[in-house]
Amino acid sequence: MLTSSLPIKAQIDLILLSLEALAQVGSAEILTLAEAMGFEAYLRDRVGLWRLRQASPLRRGRTGRRKLDVDEARALALICSRLAQQHRQTIRTAIEHWQQQASQGRPPHLDPVLGDYIDRFTGLYQERMADNRSDGPELAQLALDLLVDLLFYSTPQGARRLWITLLERTTPATPSLSLVEPEPAPPPAPELPVLFPHSDV
Amino acid sequence: MSTTLSYSQPTCQLDVAAELLPFSQKLRRAPVRSLHFSLAFGEKLRFEGNDRQLYQLKTLVNQYIESFLTHPQTPTEVVIEGLVLRSRSPLEHELHLPDGRVILLQLTELYDLVTVLDDWSAVMEPLPELVERAQSILAQIPIWAKSAAVGVGIVAAFTLVTQRWLMPPASMVITSPRESNPSPLGMPSPLPESLETPQLAPLPSPPPAPPQASTLVPLPSPPAMPPPASLPAPPPPPPAQEEPRPQSPNQRNVVIQAPTEAAPASIEPVPMITPTVEATPVPATTLREVKAYFQDRWRPPANLDTSLEYRIVLNPDGTLAQALPLNGAAARFIDRTPIPLRESPLASPFAGERPILLRLVLMPSGTVQVFSDN
């Protein structure tokens, strides 16, 4: 799945992309919200927002900033959650359409609401992302996965859920201990834990 | 002071009989103690329980959603003391109750359940500010002033708050995929503590606070909670109230109903009711049915050494209008009794248009007495 093990900056960019595809959330709305929430220091204008989103490694022609510090990531996460809450009815309606399609055994993209969302998301993704491995069905699945995520980010404690999800999905896969060959001599001490393994969030 | 908090979503309704803590009046958010809850998914499911079970349900749902979001492609299952949530697909989730019932929740129903529990916990969980305030008050008291009365009073209040705030899900046995997937080499996951601290989940509802201020407000802003006493008593609801109330789908409601029970110090029922019910005779059948209801359900707690007395106000349709504790123990133990939520049926409808008054005595021996309270 595309959203697993992605850096936080890429995950946030995808969340904003899905909101854009579903609810036509544009940069003006994001900037207005940032100012209302007191985050204008991180998102001063369209260029600042563009540079932050361009930090995603999935982006085509990455000319934006390479780094996203914790405060910026936090501000963006809080803004994403607030946007989801503001558009929760749209999100819920799309989920209801999906449930209805599923109950009739029909694929989701045949529903007008979901079909439009998936089309817009796929178009935006292919336009902006350098990742050309993703085909239509894979992107449609990604759009639906992000829709489910948005539903729970729109809950009253959605910001907390979003932040936990960002961190958990960034955590690298744990090596299976069962694959480690037993050694007669004690193995070398593991490297010191990296306190901030995702400083390049 | 007791009240009923109602949280409505399109497919889900949570009613919580709760007790306001003494200092809740001065706070933006009123910390309360839950006594009893009722959760309904329309006609599909009705589930009742006490404070502890509601916390278990909240913990279960939070664990499940976290696991579901962080491992979206792995089947998710979380178990807490007989409560089970299990994913069938992204759109379908099984909720198993301790009594064996299983309900299939659509994704939107699960979302509604999460939302009402979030709303409830925003009100229920005491505030860090409250604890800080209690600590600072304690620190400011000069030694000479720490007389027995002042000291005991403050410490008791602080303890009450702290216990609630720190109420752990620790006593619960939690099984989840996350537990079988510990961090590698015992390393802490990146920034683990910050997840549980309030810093990252402030999101104050409008008006938003600047970042530095928002870190002090960990929970979503709760619904406004005016003192219940200032609210007018709601009109008696129609007997059949099983259908979920019509709500706009995105509406998140907290309805505070009029106080259902008075504190032990003010035992008298609401004046509106008293004069109208005193002269109403109590049918013998109703007495028998109410007694049978409690006789079947009353399980005296081991540490109970006195009888619990309540005044029961019964609507003509046989449902509970009010239950008023008549002694201190009755107030303290009300969440351990089988007294249901308001409007729950206790007996079959009886002739007459006025409510009747009953006296209910629950004894430590397990004996139940019900008689007319005229």
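Modeller: The answers below concern a predicted model.

Colleague: What is the average pLDDT of chain A?

Modeller: Chain A averages a pLDDT of 83, and 79% of the residues score at least 70.

Colleague: Where in chain A is confidence lowest, and where is it highest?

Modeller: The lowest confidence is given for helix α3 (residues 46-53) of chain A, with a mean of 86, while helix α5 (residues 88-103) of chain A has the highest, at 97.

Colleague: Changing topic, how many helices and strands does chain A have?

Modeller: Chain A has 8 helices and 0 strands. Along the sequence, the pattern reads α-α-α-α-α-α-α-α.

Colleague: What share of chain A counts as buried?

Modeller: Of its 201 residues, 53% count as buried. The accessible surface of chain A is about 9400 Å², and carbon and sulfur atoms account for 56% of that surface.

Colleague: Now Ser134(A): is it buried or exposed?

Modeller: Ser134(A) counts as buried because its relative accessible area is 8%, and the cut-off for buried is under 20%. Ser134(A) sits in the loop between α6 (112-128) and α7 (136-153) of chain A. Its C-alpha atom is 9.5 Å from that of Thr122(A), which is 12 residues away along the chain.

Colleague: Which value does phi take in Gln24(A)?

Modeller: Phi of Gln24(A) is near 55°, a positive value in a residue other than glycine. Most residues other than glycine have a negative phi. Gln24(A) belongs to the loop between α1 (8-23) and α2 (27-36) of chain A. With a relative accessible area of 51%, Gln24(A) is exposed.

Colleague: And where is Glu81(B) found?

Modeller: Glu81(B) is in the loop between β5 (77-80) and β6 (83-89) of chain B. Although not a glycine, Glu81(B) has a positive phi of about 45°.

Colleague: Why is Glu81(B) described as partly exposed?

Modeller: Glu81(B) is partly exposed because its relative accessible area is 32%, which lies between the cut-offs of 20% and 50%.

Conventions: Residues numbered from 1 in each chain as written. Chains lettered and ligands numbered in written order. Predicted model: local features only at pLDDT ≥ 70, side-chain atom pairs only at ≥ 80, totals over all residues. Heavy atoms only, no water. pLDDT = per-residue confidence, 0-100. Helix = DSSP H or I, 4+ residues; strand = E, 2+ residues; numbered from the N terminus. Buried < 20%, exposed > 50% of the residue type's maximum accessible area, 1.4 Å probe, protein only. Areas by Shrake-Rupley, 256 points an atom, 1.4 Å probe, with all protein chains shown as cover.
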